[in-house]
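Here is a brisk report on a protein model. Look at the sequence and the structure first, then read on.

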Amino acid sequence: MFDATLRNLPFLLGGLLVTFKLAAFAVSGGIFLGILVGLARISQKKWIYYPITFYVNFLRNIPLILVIFWVYFVMPLFIGRSIDPFPSAVISFIIFEATYFGEIFRAGYQTISKDMVNASYSTGMTYAQTARYITVPVAFQRMLPSLITQSIVTFQDTSLAFVIGLPEFVRRASIVDNMEIRSIELFGFVAIVFLIICYIGSRISRHYEEKYRKVNVQ
Amino acid sequence: MIEIKNLNKWFDDFHVLTDINETVERGQTMVICGPSGSGKSTLLRCINGLEPYQKGEVIVDGVSLNNPKTNLYKLRENIGMVFQRFELYPHMTALQNVSLAPIKVRKLSKKEAEEKAMVLLERVGIPEKAKSYPANLSGGQQQRVAIARSLAMEPKYMMFDEPTSALDPEMIKEVLDVMIALAKEGMTMLCVTHEMGFAREVADEIIFMDFGKIIERGTYQEFFTKPKSDRLKEFLSQILE
């Protein structure tokens, strides 16, 4: 019954690879930029805090598809040349996901009590030693489940790159469907693949949540 | 010796410490009491440089904290501190909590540091909890690990910031016993606490603070037989209820 899928499997899996590549760029870039955004969101300096807070609130309150359109259709008007769908999608996802990752980093940092840092200082540990052995590991442990969950969401969101013609997994399924007219089968297959990957991801997230839950009740 | 001369501190407009003068000699145990918000914790934090101050002087073993050349990290190695909420590192076992600073700051080998940590955990009465994480320890056990963590740096001074006020009543004694033993061994201690039984047993001097000022000072006997100020009388009657 999955014969149309099987006939076009290399083409479809090639699309899945594009999806993975986009997700990998989006997550790693989003986390990197997100760390900076998170630091800016706890900054005491107003000229850092306010512009970044505006950026975060702005992007978190508009649909992702608009960001994709802006980068793909509007940005070329400013820079004077068109951008290919893939780099365009990567840029859109990084600036969008960074706002979400940034809030996770901010929240994670704020779970560290000031006196835990003081306790470390009072044993003679320096700022750098305290960051390396205490605050960063503890915050990371507490953030890990949220980071994994947000990465799964990002992975799902990548299918929105469909709209600018990026031949990722869903778009390729749609192309095959135009030729084969087997919508139920093809989109069913895509759904199952997403389901399996995201379910595994959410189990991993859940595992870390359980593992650290006890450690973090205080 | 810790010398505090005319110390003043503000949080923005709020004058949290006013004209504090105090000297703590080596081997002394000083108890600081007073209502919440009276500046007791802030005073402790000024002594080890966790909080800056704006006026006056804190001098520890001849080193002024306000001197920009003073290495505060180095100074804090000599001043252990125990907190109300224990503040153990949640991602480390009791043994790792105690041995971390000796390894990273004193550069001891892991083996050597852990052997010393074991000795300290025995001293505070919980060697069997060495491999436990803080979340699996009772409050009293966590606080004893926190004391061992401070002692691991072999400090000359120990400061306690309400070490028993977050504990259930039945656990207070196990922590106080450790502190009493420490005082009797000759440790120089500054303790913010309302445990007057502890003060009676080991305090050389008690100071009473209110509104950021030292209102009254004296021995335990003086405090209880002839308190001078009305504020202290009122305070004592409240905590002894």
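## Model and conventions

This is a predicted model: local features need pLDDT of at least 70, side-chain atom pairs count only at pLDDT 80 or more, and totals for chains, interfaces and linings use all residues. Residues are numbered from 1 along each chain as its sequence is written, chains are lettered from A and ligands numbered from 1 in the order in which they are written, and side-chain values use heavy atoms, with hydrogens and water left out.

## Chain A

Chain A has nine helices and zero strands. Helices (H or I, at least four residues) and strands (E, at least two) are DSSP runs, numbered from the N terminus. In sequence order the pattern is α-α-α-α-α-α-α-α-α. The C-alpha trace of chain A spans about 70 × 45 × 25 Å along its principal axes.

## Helix packing in chain A

Helix H2 (residues 9–41) of chain A and helix H5 (residues 85–110) of chain A have axes that come within 5 Å and cross at roughly 45 degrees. Axes are lines fitted to C-alpha atoms, for helices over the stretch in contact, and angles run from 0 to 180 degrees between N-to-C directions. H2(A) and H5(A) are therefore oblique to each other. Angles under 35 degrees count as roughly parallel, over 145 as roughly antiparallel, 65 to 115 as roughly perpendicular and the rest as oblique. By class, the contact of H2(A) with H5(A) has 18 nonpolar, five polar and four charged residues. Here Ala, Val, Leu, Ile, Met, Phe, Trp, Tyr, Cys and Pro count as nonpolar, Asp, Glu, Lys and Arg as charged, and the others, Gly among them, as polar.

H2(A) also packs with helix H8 (residues 169–180) of chain A: the axes come within 7 Å and cross at roughly 155 degrees. H2(A) and H8(A) are therefore roughly antiparallel. From H2(A), the residues in contact (heavy atoms within 4.5 Å) include Phe11(A), Leu12(A) and Val18(A). From H8(A), they include Phe169(A), Arg172(A) and Ile175(A). The contact has eight nonpolar, three polar and one charged residues.

## A helix pair in chain B

The axes of helix H3 (residues 94–104) of chain B and helix H5 (residues 139–151) of chain B come within 8 Å, crossing at roughly 25 degrees. That makes H3(B) roughly parallel to H5(B). Ala94(B), Asn97(B) and Val98(B) of H3(B) meet Val145(B), Ala148(B) and Arg149(B) of H5(B). By class, there are four nonpolar, one polar and one charged residues in this contact.

## The interface

Chain B and chain A bury about 2,200 Å² between them, 61% of it on carbon and sulfur atoms. Buried area is the accessible area (1.4 Å probe) that two parts lose on being put together, summed over both. Chain B gives 28 residues to the contact and chain A gives 24 residues. Tyr73(B), Pro90(B) and His91(B) supply 27% of the area that chain B buries against chain A, more than any other three residues.

## Salt bridges

Over all chains the structure holds 27 salt bridges. A salt bridge is a side-chain nitrogen of Lys or Arg within 4 Å of a carboxyl oxygen of Asp or Glu. Two salt bridges cross the interface of chain B and chain A. Glu51(B) forms a salt bridge with Lys114(A), with the closest N and O atoms 3.7 Å apart.

Within chain A, Asp3(A) and Arg7(A) form a salt bridge (3.4 Å, N to O). Both residues lie in helix H1 (residues 3–7) of chain A, four residues apart, about one turn of the helix.
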